[in-house]
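Work through the exercises below with the sequence and the structure in view. Each task is followed by a solution in steps.

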Amino acid sequence: RSCGLSNAKVKTLLGVNQALQTGVVAADIHHSQDADYIVSQLVQLWGIGRWTAEMALIFFFAMPDIWSEGDASLVRGLAQLAEKEDVAPETIVQAAAPYRSYLALHIWAMLDAELLKEA
């Protein structure tokens, strides 16, 4: 709590720890390369929805081909990039496979650097 986490985040992290210790979440989850399996394990826990699980796939599990349709920044940034390049957003996402996580990282970075602007 002293590092700035909200009570809800602390509760979620403690819940993940307990779920791993009690077997609610498979102990070998960190060895899995099956994104759907990992998501199904994580979303059963309090405080973890699909978006949180997808962020874990990118940042914790380091999976290279994750695209989060539920991330509002990604959707907005992709739309701006597609407009700038005069292509459909789906074309960009499809072209990035199997490295869509890196596309997401670049879109977030471009948004942070204000390289993408709404027309």
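Helices are DSSP runs of H or I with at least four residues, strands are runs of E with at least two, and both are numbered from the N terminus. The model is a predicted one.

**Exercise 1. Which elements make up the chain, and in what order do they run from the N terminus on?**

Step 1. The secondary structure comes to six helices and zero strands.
Step 2. Read from the N terminus, the order of elements is α-α-α-α-α-α.

**Exercise 2. Describe the chain as a whole by its span, its burial and its surface.**

Step 1. The C-alpha trace spans about 50 × 35 × 15 Å along its principal axes.
Step 2. The chain has 119 residues, and 33% of them count as buried.
Step 3. Its accessible surface is about 7,600 Å², with 56% belonging to carbon and sulfur atoms.
Step 4. Among contacts with a separation of 6 or more, 51% come from residues 24 or more positions apart.

**Exercise 3. Where is K11 placed, and is K11 buried, partly exposed or exposed?**

Step 1. K11 lies in helix α1, which covers residues 7-22.
Step 2. The relative accessible area of K11 is 47%.
Step 3. Buried means under 20% and exposed means over 50%, with partly exposed in between. K11 is therefore partly exposed.
Step 4. For a distance in space, take A95: K11 and A95 are 84 residues apart in sequence and 39 Å apart from C-alpha to C-alpha.

**Exercise 4. Describe how α3 is placed against α6.**

Step 1. Two packed helices are described by the angle between their axes and the distance between the axes.
Step 2. The axes of α3 (residues 50-59) and α6 (residues 100-112) come within 10 Å and cross at roughly 100°.
Step 3. Angles from 65 to 115 degrees count as roughly perpendicular, so α3 is roughly perpendicular to α6.
Step 4. In the contact, M55, I58 and F59 of α3 meet S101, L105 and W108 of α6. By class, this contact has five nonpolar, one polar and no charged residues.

Key: Residues numbered from 1 in each chain as written. Predicted model: local features only at pLDDT ≥ 70, side-chain atom pairs only at ≥ 80, totals over all residues. Heavy atoms only, no water. Buried < 20%, exposed > 50% of the residue type's maximum accessible area, 1.4 Å probe, protein only. Axes fitted to C-alpha atoms, helices over the stretch in contact; angles between N-to-C directions. Parallel < 35°, antiparallel > 145°, perpendicular 65-115°, else oblique. Contact = heavy atoms within 4.5 Å. Nonpolar A, V, L, I, M, F, W, Y, C, P; charged D, E, K, R; others polar. Areas by Shrake-Rupley, 256 points an atom, 1.4 Å probe, with all protein chains shown as cover.
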